[in-house]
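Colleague: I have this model open on my screen. Could you walk me through it, one piece at a time?

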Amino acid sequence: MTTIVIAEINNGSIQETTKELISAAHSIEGNPVLIIPCSNASTADGASNFEGVSQVIAAKSDVFGTYDASAWADALDSVMPQGTIVAAASQQSKDLAARIAAKRNLSVVQDVVSIENGEFTSPIYSGKAMQTVRCNGDAVITVRANIFNPVSSGGSNSVQVVDTSGNVATAVREMIERASKRLDVSEANIIISGGRGMGDPSNFSHLEQIADVIGAAVGASRAAVDTWDEIPHSMQVGQTGKTVNPNLYIAVGISGAIQHLAGMRSSKYIVAINKDADAPIFQHADYGIVATWEETLPVLKAAFQSMMA
Amino acid sequence: MVNIAVLVKQVPDTNAKIVVQGGTRVDLSSVKMVMSPYDEYAIENALLHKEALGGIVTAITVGDGSAEKILKDAKAIGVDELIRVDVTQDMDSNALQHVLVEAIQSVGAEVVYCGKSAADTGAGSTGPGIAQRLGWASVSNITDIEFSSKLCVIAPMGGSSAKIDVSMPAVISCDKGNVKVRKANVKGIMAAKKATVQVLSANCPSSTIEIIRHSMPPSKPAGKSFQGGDSANEVARLLREEANIL
Ligand SMILES: Cc1cc2nc3c(=O)[nH]c(=O)nc-3n(C[C@H](O)[C@H](O)[C@H](O)COP(=O)(O)OP(=O)(O)OC[C@H]3O[C@@H](n4cnc5c(N)ncnc54)[C@H](O)[C@@H]3O)c2cc1C
């Protein structure tokens, strides 16, 4: 059986999670063919030292400049061999995976967190249960970040460039400048989120200061987003916000409602800061601090500053 | 006159406790079922589309008779026509999309709205999947929309967001965004009581993805608990030395 990995690309560069996708493909079978969607073949250079791939193909097309679901699916389909396809479980790649699966009349299994003996497991009901499935034949699989061990970069691959194209069905009229220049929660490996317990939106500046020290994005609970106009929905983590999977999630003044957990419970490490020792968030925290944020955040900031110095 | 379809799905209430029965399957028998939250945004956008350009909105769901309740809920909010595709077995994404495409074609819809993902699977495969099968444009996770001869939506794009023109026909999957969903009024609730659901039989291909089991999420080992703000020093140290982060 052939496996194919679609590299995760952001702003013309290959994302680290691609190395995790290769290792996920190993748990299915053998070394995968790595496909790199790019508008400039030099993007693929980043993969020349990835270990554990049988072949690296740079799928080169103008359509890969901006995301258009149907054009990307067309262009990738025409360069990929038949087989089981592995992509990242990012918002965009889940969309693409569904398109490609439909194009090949295959089924798609999203958000895979474990692959064992040909069985794929994903969270369902917002992580309240897990579902394990078996695919009879080829399928398209998306894999969550920060779960599989990335392959090393001691390899040496030659990159084959293949020109491709697709029919574009959408047109970007304008990009919308983000209100803040901060990292988006969906892109961050560390997130510090505030909830209603922050008391006032201006107090989010304490979270931002810590975020700046450790390179984190700032997120929020729905109560914070709904209560304060200053906190945009783009920051919301949870059932009706973003699903995130960072290495570290720091929840500050967040109670840990089931719908908030839905968006962050699969984070690798969770730190909770809450003045209520009975807050449900503590049941999911690796490190829980029972204290107000007012007394905790200055200490945390100073500790991070001296560590990062 | 635009022929608009909106896809809705019945899922457990997001507050519901989920239990795995007999160690293999989730037991939903005593769980309250509701319309998946994002589908409410899909309905709202479909109704806004109708109000802007004139048209008819048909809500479509796939499932057994119990799924008709959410169709009635959709009617109460303002949807015109209701369709249930009668299927009782497990379906993988391929099978589900196949039956939905048949239903959309039978309605003759030119634009389809759906939620960005269903609250049960969280997959988000249906919108882009049916768009591909229909050969239509699609944009997923939209947070805002404007209606003219072309659709213009706002959707995430590379860590930021963009205003995107979409050619019709199209499938639009809806995130929460800036729209406020309307609530059913008395007139709507009366109309829903009298509404009839058109039931379609499905020509359902067999699934290639087989559900082996459901299980509870692996329980995390109990975390470490600290008292007082000064313990943040210790937590920062553990993040580096024990968790290898930072
Ligand atoms: C369909 C549906 C979808 C939803 N989607 C989402 C979603 O996407 N995301 C989401 O987050 N929620 C979502 N919710 C809402 C969710 O149920 C909760 O209401 C919400 O998460 C609560 O936010 P919170 O924890 O900030 O507020 P609260 O529950 O009010 O908690 C505030 C916490 O702050 C603590 N606190 C107060 N003062 C301090 C202090 N000085 N220092 C430290 N701690 C302090 C309190 O002890 C408390 O635990 C959804 C609900 C529904 C019904």
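**Strands, rings and a cavity**

Modeller: Happy to, starting with a loop: B:P169 lies between β12 (160-166) and β13 (170-174) of chain B. Helices (H or I, at least four residues) and strands (E, at least two) are DSSP runs, numbered from the N terminus. This is a predicted model, where local features need pLDDT of at least 70, side-chain atom pairs count only at pLDDT 80 or more, and totals for chains, interfaces and linings use all residues. Residues are numbered from 1 along each chain as its sequence is written, chains are lettered from A and ligands numbered from 1 in the order in which they are written, and side-chain values use heavy atoms, with hydrogens and water left out.

Colleague: Is the peptide bond from B:M168 to B:P169 cis or trans?

Modeller: B:P169 sits in the loop between β12 and β13 of chain B. The bond that joins B:M168 to B:P169 has an omega near 0°, and it is cis.

Colleague: Which strands of chain A form the open sheet of seven, and in what order?

Modeller: Two strands pair if DSSP finds at least two bridges between them. The pairing here is parallel, and β7 (108-112) and β12 (159-163) of chain A are the edge strands, each pairing on one side only. The order is β7-β11-β6-β1-β4-β5-β12.

Colleague: Which residue of β15(B) is the bridge partner of A:R134?

Modeller: Here an open sheet of four antiparallel strands takes in both chains, in the order β8(A)-β9(A)-β10(A)-β15(B). β8 (114-116) of chain A and β15 (209-215) of chain B each have a single partner strand, so one side of each is left without a neighbour in the sheet. Six bridges hold the pairing of β10 (residues 129-135) of chain A with β15(B). The partner of A:R134 is B:E210.

Colleague: What is the volume of the largest cavity?

Modeller: A cavity is a set of points on a 1 Å grid over the protein atoms alone where a 1.4 Å probe fits but cannot get out, and lining residues have an atom within 4 Å of a point. Searching the whole structure gives one cavity of 30 Å³ or more, and its lining includes A:Y125, A:S126, B:D13 and B:A119. Grid points are joined across faces, edges and corners, and a volume is the space filled by probe spheres set on the points. The value is about 50 Å³.

Colleague: What is the phi of A:S126?

Modeller: A:S126, one of the cavity-lining residues, is in the loop between β9 (119-124) and β10 of chain A. Although A:S126 is not a glycine, its phi is positive, at about 55°.

Colleague: Why is the pair of A:F204 and A:W228 called edge-to-face?

Modeller: Rings of Phe, Tyr and Trp (its six-membered ring) pair if their centres lie within 6.5 Å; planes under 30 degrees apart count as stacked, over 60 as edge-to-face and the rest as tilted. These two rings have their centres 6.2 Å apart and their planes at 75°, so the pair is edge-to-face.

Terms used: 1 Å grid on protein atoms, 1.4 Å probe; cavity = no way out; pocket = protein on both sides within 12 Å on 5 of 7 lines; lining within 4 Å.
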